[in-house]
Amino acid sequence: MGETDVGEAEQYDVVVVGGGPTGENVADRTAAAGLRTALVEHQLVGGECSYWACMPSKALLRPHAAAAHGRAVAGVTVGGTLDPAAVLARRDAFADHWKDDDQVAWLDGAGIDLVRGHGRLTGERTVTVDGGRTLTARHAVVLCTGSVPVLPDVPGLAEARPWTNRQATGARQVPGRLAVVGGGVVAAEMATAWRSLGSEVTLLVRGGGLLGRMEPFAGEMVADGLAAAGVDVRRHTAVTAVRRDADGVRLTLGDGSTVEADEVLYATGRRPATGDLGLESVGLEPGSWPEVDDGCTVTGVPGGWLYAAGDLNHRALLTHQGKYQARIAGAVIAARARGERPGADRWSAYAATADTVGPPQVVFTEPEAASVGLTLAAAGEAGLRVRAVDHDLGAVSGAKLYADGYTGRARMVVDLEREVVVGATFVGPGVAELLHAATVAVVGEVPLTRLWHAVPAFPTVSEVWLRLLETYRDGG
């Protein structure tokens, strides 16, 4: 097993295009099922998450959170500034110094062939790799090439060489001044990280708030946290032109004013990495998000042999959901290879139902914001009769012990017809670890009457669940 020569032609049971976390997990599942599997990757095995997103970004963010939480407890002495060189060195280690040797060794141990190069569909069950090698698949081709940043059409932007998430998580030096354009997760997290390392950060948000997919209070509390850390947060601000010169980058704003910075990060959305994937060879539109069913089978291609998992299918652009889809797709492929017809039950091993019911997400700012399921607004738009139940997270004994002056908020969204939780949001220091309990409640559709019997340990922050149930019972 291991890497194969580009000039060698061979037939496989499954060909996976894209070696990020999603592709690796699909290949792992199909290989474990006894299907001969090839993984095609033209960059680093491990993908965006390992080297340019999840791992390096959280490595940059964790020191700031640890220091902030330490300073929030009386009797603990924590220095006022971080050591940028040490933080960047730790980040490098978590990104494996941008080498994929360990990931390649894992593939070899799992019995998966790695084919280096850019793979493109060239017909039914066929993938051609740079150099002319053609791979054919007996059972399935799985597209897992993810997404790439979108840069808006702003005069001078391309010439100004803006940062995207890759430069923001991989920079070798701390910029003296950093302008961040965007109001989503990447913008908020990178504003937090680089401000903590000493950058003067200006956050330019086109709309009126941050984190638009979460409850409005989450974005407000994160914006307050950024401002308290010294970030210049400017809302309702459009960038009309960008120019780089010897002194740095100058951004012209909609009101005619300017912002000057050493670097500018654009975090304004993602598009599917399908522009050069050969979709036209199977009747699909290049550059589009392939539509899939709950088993991740591409619905626009006859025969049920083509799959798309991860960011690429636009169901839930989150690493953990991509890996979840990979497990589902792998199970479907293995079952069909055995001649079985996978069941269509929405909670079976063959349906990625949680993509639409309960995808969890954490924003690792300070405070953290964590959510799962539907917001109050989204639940209403879905036609559910719901009620939002809120509680001051800082009033919980465990939170008071966690940090002096703890500030936070919790919300659960209850479907009044079924009396189950369909959404939950937490904002505050360290709330990421509250989220899985909420995910279990949402995905498991646990009745509130049963949740009363899930007793939280005292004194922990998780006792907020009891407070939320009491608030619901009392009509608050």
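The side chain of Arg91 makes a polar contact with the side chain of Asp92, at 2.7 Å. A polar contact is a pair of N or O atoms within 3.5 Å; within protein, one must be able to donate a hydrogen and the other to accept it, and residues adjacent in sequence count only if both atoms are side-chain atoms. This is a predicted model: local features need pLDDT of at least 70, side-chain atom pairs count only at pLDDT 80 or more, and totals for chains, interfaces and linings use all residues. Residues are numbered from 1 along each chain as its sequence is written, and side-chain values use heavy atoms, with hydrogens and water left out.

**Around Arg91**

Arg91 lies in helix α4, residues 84-94. Helices (H or I, at least four residues) and strands (E, at least two) are DSSP runs, numbered from the N terminus. At 0% relative accessibility, Arg91 counts as buried. Buried means under 20% relative accessible area, exposed over 50%, and partly exposed in between (1.4 Å probe, protein chains only). A polar atom of the Arg91 side chain lies 2.6 Å from the backbone oxygen of Thr169. Beyond four places in sequence, the contacts of Arg91 (heavy atoms within 4.5 Å) include Pro56, Trp98 and Arg172.

**Helix α9**

Helix α9 has 19 residues, 319-337. The expected span is 1.5 Å times one less than the number of residues. That gives 27 Å, and the end C-alpha atoms are 27 Å apart, which agrees. Among its buried residues are Tyr324, Ile328 and Val332. The buried residues of α9 pack against β2, α1, β7, β17 and α10. Just after α9, Gly339 takes a positive phi of about 85 degrees.

**Rings**

The rule asks for NZ of Lys or CZ of Arg within 6 Å of the ring centre and within 35 degrees of the ring normal.

| Charged end | Ring | Distance from ring centre |
|---|---|---|
| Arg36 | Tyr12 | 4.2 Å |
| Arg409 | Phe217 | 4.1 Å |

Rings of Phe, Tyr and Trp (its six-membered ring) pair if their centres lie within 6.5 Å; planes under 30 degrees apart count as stacked, over 60 as edge-to-face and the rest as tilted. The count comes to 4 aromatic pairs. The rings of Phe426 and Trp465 have centres 6.1 Å apart and planes at 65 degrees, so this pair is edge-to-face. The pair links strand β22 and helix α15, with Phe426 and Trp465 39 residues apart. Both residues are buried.

**Confidence**

The mean pLDDT (the predictor's confidence in each residue, from 0 to 100) of the protein chain is 96. Over residues 4-8, pLDDT stays under 50. Where pLDDT is low, the predicted coordinates should not be read in detail.
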